[in-house]
Amino acid sequence: MKNTGVSIPTVNRRAAATGFLETLFDVFRVRPSFAVGYAIVFLSIAVAILAPWLAPYDPIQTNGSMALRPPSAEHWFGTDAVGMDIFSRTLYAPRVDITIALFGTTISALIGSLLGAWVGYFSNTRSLNSKIGFVVMRIADVMQSFPVFVFAIALVASLGQSMSSVVAAIAFVNTPIYLRLMRSQVVVIRERLFVQAAIVAGISELKIIIRHILPNAMGPIMAQFSVNIAWSILLTAGLSFIGAGVRPPTPELGSMIAGGFQNIVTGQWWPSVIPGSVLAVIVSGFTLVGASIETLTNKDKMKKLSLDIAMHKRGER
Amino acid sequence: MSSIRSFLLNRLVFVIPQLFGILMIAFFLVKTIPGDPAVLMLGPNATDASVAALRTKLGLDQSVVQQFWIFVTNLAKGDLGTSWQTTRPVLEDLFQRFPATLELVTFGLLSAILIGIPMGLASALKLGIWGKISNTYGLIVGALPDFWLGLVMIFVFYTLLQWAPAPFGRIDMIVIPPATVTGSMVLDSLIAGNWEALVSALQHLLLPALTLGIVASGPIQRMTQSMVESTLDAGFSRYQVISGLPTQMVVKNALKNALPSIITIISVLYGYLLGGAVLVETVFSWGGAGQYAVQGVLNSDVFPVLGFVLFASIFSLLVYFIVDVLYFLIDPRAGS
Amino acid sequence: MSVAVKISESALTASESPSRDQDKPVVSVRSLSVEFPRLSGAPTVAVRDLDLDIRPQEVVGLVGESGAGKTTLARSLLGLPPSPGHITAGRFVFDDKDIFGLSAEGIRQVRGRDISMVVSNPRDELNPLKPVGEQIATVARVHLGLSRREARQRAFDILKAVQIPDPERRMKALPHELSGGMAQRIVIAIALVCSPRFIVSDDATSGLDVTVQAQILQLLKELILKRDSSLLFITRDIGVAAHFCDRTAIMFKGEIMEIGGRDSLFLTPRHPYTIGLMSAFCHNDRLRQVWSTQNEQIEVPAGHGGCPYADRCPNASQTCLDQRPELKQVAEGHYVRCHYEVAR
């Protein structure tokens, strides 16, 4: 008796696990782009972590005699103008780009959504908080009407050129996005009955926001988060490309593209085109993951997904 | 009609403080960038005395708040300051460069609309293979770095195929540019009837505008798709199907309802591209206002940055303003 | 102008074939099943093996709690089950036509012209950018091949028929300018403008004030009698059904549990669920208590193949878990799906 009592939950858990895998498989079969997205994201993160073991050369080792060699068995992606191995640099580069984007986006998501929840919770009330909220929103208006790129460059220049400055710049330009998104969510959720019930029950405002409102507003934030990482990677690379981000010889995709800029006119495409393609692939990976999360959190899209899976299964029969 | 007037007045009331806020943040931000313009202007061999004299002359010895006040009062007189890099008034520089940026962004956006909207419709209406192609296109294109796409364009169409002119400037060096009327090379050549200049200007414009157009068509495709899909899912579209109206009619009505949102997204994109085209301008040495501002940031040249921010903001606000008016004309609910 | 008026008025009043056999059902649904696929596991059955007949001039009520499958049934009859549901089995014969057998274009022509639907929450169901008069006229123009002017006239006439005050002005109104009751009348006007033989009303009056609701129900009934149509009246309110419907079906988890004529069903209800629903309106607390408590003697495992009501039924027994009950006749036109229908 004792044995069965222990084994039943394990069996159930295994059944649940296979059920989950089956569902995942079904989803990927009708939405292959989601599978591609997750594969890209996991692969690029794995490569970023394992770069020191995977890279055949030191990414910042110059070699004047081997400059601008086209791709070969020795140098898979060729070498750049100072003879650094582009393959090794490309393996290392996502470390910088993904880390910066991840940190910058996380900071902005945290600050932006907390602030947005607070502003949204108090909006249209007659409290002092509501007036502060109004001012916060107008500041967000001003920040968002800046030309983003010039704003980011100025921030980096002002803080001094370093990785942490780029992180700060990304966090800064992204915060209003979460602020707005969260606010619009919270304004709707606040009116729902369970929140009204909590207010009537006299639960403190902070507790209501954290326990009842935030969990219900997380869906769109998560979807935005992944899409935002993609965009932040592009911004990081763009900043470095123009010389306002990470400096060479640190392996970074944007500065690698910039480094190969002069060579492209004379026909040596590989120092620029290869890192650029890798950049595009990584960015599209995060975009696709964002699209998949958006589907998960959107009722109508989930309905369509279920229907597609059912149709697919019926087609097989 | 009185509702539209009060609505627009309401808008204007917010515009002035907003512009002021933008300038203030920009000013203090750029002021915190390390580097002394006086030292940079005079070079490494300047004496301390001459540097101090220049600082006094530029007003740099005063507090930042006072400097901002001077900037604002000069602005009211139409003086945007002087760039130490070009040693010319910023206003003159911008009048020369802003139209270049505007021309690039406008043509880029036009091509983005021409590509993005049909593709968005194809995927929203699930037009067989075209719908699938458009779906994939929207996902890939949105992920492309514009500066890199520009480089690839140059490599393919200039280096390899020799179809496009060298990626430098807006018109061939040997061609005499038309007299400036609108500031757009293409329009000015047309006005002057200068065919040689027109052809050269179009050739130079093609790659950078297409670069911007392709990258910006991604978001337009996706937004068009999701807007049309959601209006087709909306209750009123469903009820039209229930009432037995033909599919084309249902789709046409859905499109009319989705149009305002699509226009809004395009207008936001327009504003974004003004600043976002900087990288493409750099790649093609376009000599636009964005490039001018970036050089300003990188060289502690305050006034070009402020001037650009001001111009770009005013332009964005103008676009939003026009869109609001358009909304009024399209959607009868906007007034009430 | 006068010619147009004459045509449209005669079209509004004349029924197509006055000498129709009143007992032959105009609507006949046979073993209809609609399923909703789920992301994993077996699909949810929203409508299961359902039969329903409706005769000309008859108003049949369909009562059930939310999730019973009422809306799914209504939309499925138009060949448009709500997404992601789909019809997995069954036939729907309307006026001797097999509706589900029609082509997409064929069924489109039936919708709105021969079978129409009145929906709830009408303001969301109207095109926000078009004057409502135009929306009514469009349906008439598409289905009846009228000219713009004739269609306008017909829309105007139908607005008068649904007793909209100042129809001239309302024709030009946009949906957001109308009150809920007004918008509901517009939707009814759209549903009636082609004089359909069969109207499905999906919870169309529940959002209205009681007085407005009474007016609209009265109006619907008059129009149905005048035009020899039939009505399937879906509601959550068993009281409204008792007042308004000739026959009423009680639906639970996609199946009809009990169906009968007004007197038979409401004076001698047989199914525990029906009694439960009725006692909910009753002031006798003890009665309510008895009929809303599940039989605790019996443990109901999930996914048993028996009676769908077993897990809430005060009379449930082992038989209810083992066997799915069939619909049995207990009186003239009165059917019950229960192993132990409550005898009188």
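This is a predicted model: local features need pLDDT of at least 70, side-chain atom pairs count only at pLDDT 80 or more; totals for chains, interfaces and linings use all residues.
Residues are numbered from 1 along each chain as its sequence is written, chains are lettered from A and ligands numbered from 1 in the order in which they are written, and side-chain values use heavy atoms, with hydrogens and water left out.

Chain B is assigned domain 1 (2-89) and domain 2 (97-288 + 308-335); such bounds come from an automatic or database domain assignment. Taken over C-alpha atoms, the centres of domain 1 of chain B and domain 2 of chain B lie 33 Å apart. Their contact (heavy atoms within 4.5 Å) involves 14 residues from domain 1 of chain B and twelve residues from domain 2 of chain B.

The size of an interface is often given as the accessible area lost when the parts come together. Here the buried area (the accessible area, 1.4 Å probe, that two parts lose on being put together, summed over both) is about 1,200 Å² between domain 1 of chain B and domain 2 of chain B, and carbon and sulfur atoms give 85% of it. On the side of domain 1 of chain B that touches domain 2 of chain B, helix α1 (residues 2-31) of chain B gives the most, with eleven residues; helices are DSSP runs (H or I, at least four residues), numbered from the N terminus.

Within chain B, S123(B) is placed in helix α5 (residues 90-124). S123(B) counts as buried because its relative accessibility is 3%, buried being under 20% relative accessible area (1.4 Å probe, protein chains only). Leaving aside residues up to four places away in sequence, S123(B) touches G131(B), S134(B), N135(B), Q221(B), Q225(B) and E229(B).

Turning to the two chains, the contact takes 40 residues from chain B and 41 residues from chain A. Chain B and chain A bury about 3,500 Å² between them, with 82% on carbon and sulfur atoms. F147(B), W148(B) and L151(B) supply 16% of the area that chain B buries against chain A, more than any other three residues. One salt bridge (a side-chain nitrogen of Lys or Arg within 4 Å of a carboxyl oxygen of Asp or Glu) is found across this interface. In that salt bridge the side chains of D233(B) and K304(A) meet at 3.2 Å, N to O. On the side of chain B that touches chain A, α7(B) gives the most, with eight residues.

Methods. Helices (H or I, at least four residues) and strands (E, at least two) are DSSP runs, numbered from the N terminus. Buried means under 20% relative accessible area, exposed over 50%, partly exposed in between (1.4 Å probe, protein chains only).
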